[in-house]
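Let's take a walk through this protein together. Have the model open and follow along as we go.

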Amino acid sequence: MAGLMRREAFEMLEPIRRLLEGDPEASWPRVEEYRDGDTVVIRADLPGIDPERDVELTVADDVLHLRAERRERTEHKDKDSYRSEFRYGSFTRTLPLPAGCRDEDIRAAYRDGVLEVRVPVVQHVEPPATRRIEVTRG
């Protein structure tokens with residue numbers, strides 16, 4: 001009986017231990033951003049997700065919004081015990097993009113647990129034209 005209570009106490013404290021020891025799962029996900037020639041590349045480490053169901057990418061005003069959610073369940077059954085563990089979490093990131101990026105040119109792919117977003121950089125951005133607005137009386 002005492003052994004069972006000790007194991008339950010340990011299992012309750014396990015997420016706190018992982019966080020304090022710097023377990024990668026506790027700081028999920030890692031995101032990197034770099035330039036590859038004329039392309040900005042954003043990579044997010046998202047293992048164990050379904051990219052079509054669990055990832056949402058949107059772009060507005062030269063800002064990329066990344067939202068992901070993970071749901072994972074494991075079970076272990078044997079003759080004398082049963083253990084079930086759930087892990088879930090979500091996160092959002094807002095990443096500024098270079099000025100003048102065209103939304104329709106942005107591409108995203110998910111492979112081997114890594115989401116990669118490629119954003120072509122516009123070499124020359126035309127400033128908005130100055131237009132005179134006529135003022136009328138009245």
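What follows goes from confidence and overall layout to the strands, and then to the charged pairs.

First, some ground rules. This is a predicted model, so local features are reported only at pLDDT of at least 70 and side-chain atom pairs only at pLDDT 80 or more, while totals for chains, interfaces and linings use all residues. Residues are numbered from 1 along each chain as its sequence is written, and side-chain values use heavy atoms, with hydrogens and water left out.

How confident is the predictor? The average pLDDT (the predictor's confidence in each residue, from 0 to 100) is 79 for the protein, and 78% of the residues score at least 70. Over residues 1-7 the pLDDT is below 50, and this stretch has one contact in the model beyond near neighbours in sequence; contact here means heavy atoms within 4.5 Å. Residues 23-27 also have a pLDDT below 50, with six contacts beyond near neighbours in sequence.

Now the layout. The protein has two helices and seven strands, and from the N terminus on they run α-β-β-α-β-β-β-β-β. These elements are DSSP runs, numbered from the N terminus: helices are H or I of at least four residues, strands are E of at least two. Of the 138 residues in the protein, 20% are buried, where buried means under 20% relative accessible area, exposed means over 50%, and partly exposed is in between (1.4 Å probe, protein chains only). Among contacts between residues at least 6 apart in sequence, 49% join residues at least 24 apart.

Strand E1 (residues 31-36) and strand E2 (residues 39-45) run antiparallel and are joined by six bridges; two strands count as paired if DSSP finds at least two bridges between them. Arg35 has Val40 in E2 as its bridge partner. Two residues sit between the strands of this hairpin, and Gly37 takes a positive phi near 65 degrees there.

Next comes an open sheet of three strands, in the order E3-E4-E5, with antiparallel pairing. Strand E3 (55-60) and E5 stand at its edges, each with a single partner strand, so one side of each has no neighbour in the sheet. The twist averages 5 degrees from one strand to the next, using axes fitted as lines to C-alpha atoms (for helices over the stretch in contact), with angles from 0 to 180 degrees between N-to-C directions. Strand E4 (residues 63-77) is joined to E5 by 15 bridges, and the two run antiparallel.

Follow the chain out of E5 and you come to Gly100, in the loop between strand E5 (82-96) and strand E6 (107-111). Gly100 is partly exposed, at 28% relative accessibility. Its C-alpha atom is 6.2 Å from that of Val122, a residue 22 places away along the chain.

What about charged side chains? Side chains of opposite charge can pair when their charged atoms come close. The whole structure holds nine salt bridges, each defined as a side-chain nitrogen of Lys or Arg within 4 Å of a carboxyl oxygen of Asp or Glu. In one of them, Arg118 meets Asp36 (3.1 Å, N to O). Arg118 lies in strand E7 (residues 114-120) and Asp36 in strand E1, so this pair ties together parts that are 82 residues apart in sequence. Arg118 is partly exposed, with a relative accessible area of 29%, and Asp36 is partly exposed too, at 39%. Both belong to a network of salt bridges that links Glu32, Asp36, Arg43, Glu116 and Arg118.

Another salt bridge joins Asp54 and Arg53 (3.0 Å, N to O). Asp54 is in helix H2 (residues 51-54). Is each partner buried or exposed? Asp54 is buried, with a relative accessible area of 4%, whereas Arg53 is exposed at 54%. Leaving aside neighbours within four places in sequence, Asp54 is in contact with Ile49, Arg67, Ala68, Glu69 and Arg71.

Finish at Arg102, which forms a salt bridge with Asp105, their closest N and O atoms being 2.9 Å apart. Arg102 is partly exposed, with a relative accessible area of 44%, and Asp105 is partly exposed at 29%.
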